[in-house]
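Thanks for coming. I have one structure to go through today, and I will keep it brief.

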Amino acid sequence: RLDKNKLTDRAINGNNKIFQRSKIEQDTQEINMFETIIIDRSWSMGERSDEKSPFSQSDKAAITRPKVLEHFKVEMSIVIFDDSVNEVMNFWEVFSERRTKIPSKLMREYTARSWWNSKEPITHVYHKMKERMRQLWGKSFGNISFIWDGDLYSWQQVPTLKAMIDDLKKQSMWVTAYYINKDEKKMPLIEYYFGTVADGNALYAKDTLDLSAKIIGNHKSKLSLLIKKYLKSS
């Protein structure tokens with residue numbers, strides 16, 4: 001509609017932009033990125049005092065990963081599970097803001113540990129990721145980083161959970177399992193839910209630096225594929 005305040009500017013400077021939009025239009029080239037990191041805190045992950053344990057390494061990842069994504073303005077949520085499922089950080093929260101107290105929440109969640117992981121976080125994250133995709137609309141890239149030692153939901157293979165993971169992958173979202181305890185007995189369960197090392201859906205990391213490198217490298221390669229896809233369709 002006509003912006004009357006700009007009429008004077010047009011008379012003096014010849015500026016013909018005398019109309020203002022009735023709504024904000026989003027840049028069609030922008031890709032909205034968001035990520036959920038899921039961390040197993042059950043006792044099978046080991047002790048924090050053991051620097052080489054999966055628990056100690058995932059603890060560090062829970063702090064470094066949000067900081068990296070915050071720097072690049074990527075929305076993030078953090079979910080921790082064992083025999084309960086707790087969302088420590090929501091998409092609209094900022095890790096470093098004092099009012100959110102996310103680091104303190106993380107420390108409390110890591111302290112309240114259970115021996116078992118009889119609850120599964122996939123159902124919770126599935127609905128949250130789908131809802132966020134609908135809210136952002138347009139070109140979106142959702143990524144789920146699943147950090148664990150290869151034991152999920154008390155060793156159960158549940159077809160409905162696998163179907164949720166497969167559905168997320170079909171919706172321009174990636175789900176990757178990063179496992180730290182390289183136990184061959186747990187490989188069949190990892191591959192059942194997520195896929196193989198060969199297809200990039202299950203990656204082994206030996207420590208925090210390796211874990212961060214694997215997450216960032218995998219994120220970049222998948223995002224580049226998505227950008228190529230959007231360029232072809234535009």
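Start with W115, which sits in the loop between α3 (102-111) and α4 (122-136). Helices here are DSSP runs of H or I with at least four residues, strands are runs of E with at least two, and both are numbered from the N terminus.

A word on provenance: this is a predicted model, where local features need pLDDT of at least 70, side-chain atom pairs count only at pLDDT 80 or more, and totals for chains, interfaces and linings use all residues. Residues are numbered from 1 along each chain as its sequence is written, and side-chain values use heavy atoms, with hydrogens and water left out.

Back to W115. Its relative accessibility is 52%, so W115 counts as exposed. The classes are buried under 20% relative accessible area, exposed over 50%, and partly exposed in between, with a 1.4 Å probe and protein chains only.

Moving into helix α3, we find S104. S104 is partly exposed because its relative accessible area is 38%. S104 and V88 lie 16 residues apart in sequence, with 9.7 Å between their C-alpha atoms.

Now the whole protein. It has seven helices and six strands. From the N terminus on, the order is α-β-α-β-β-α-α-β-α-β-α-β-α. Of the 234 residues, 47% are buried. Take contacts, meaning heavy atoms within 4.5 Å: among those with a separation of 6 or more, 73% come from residues 24 or more positions apart.
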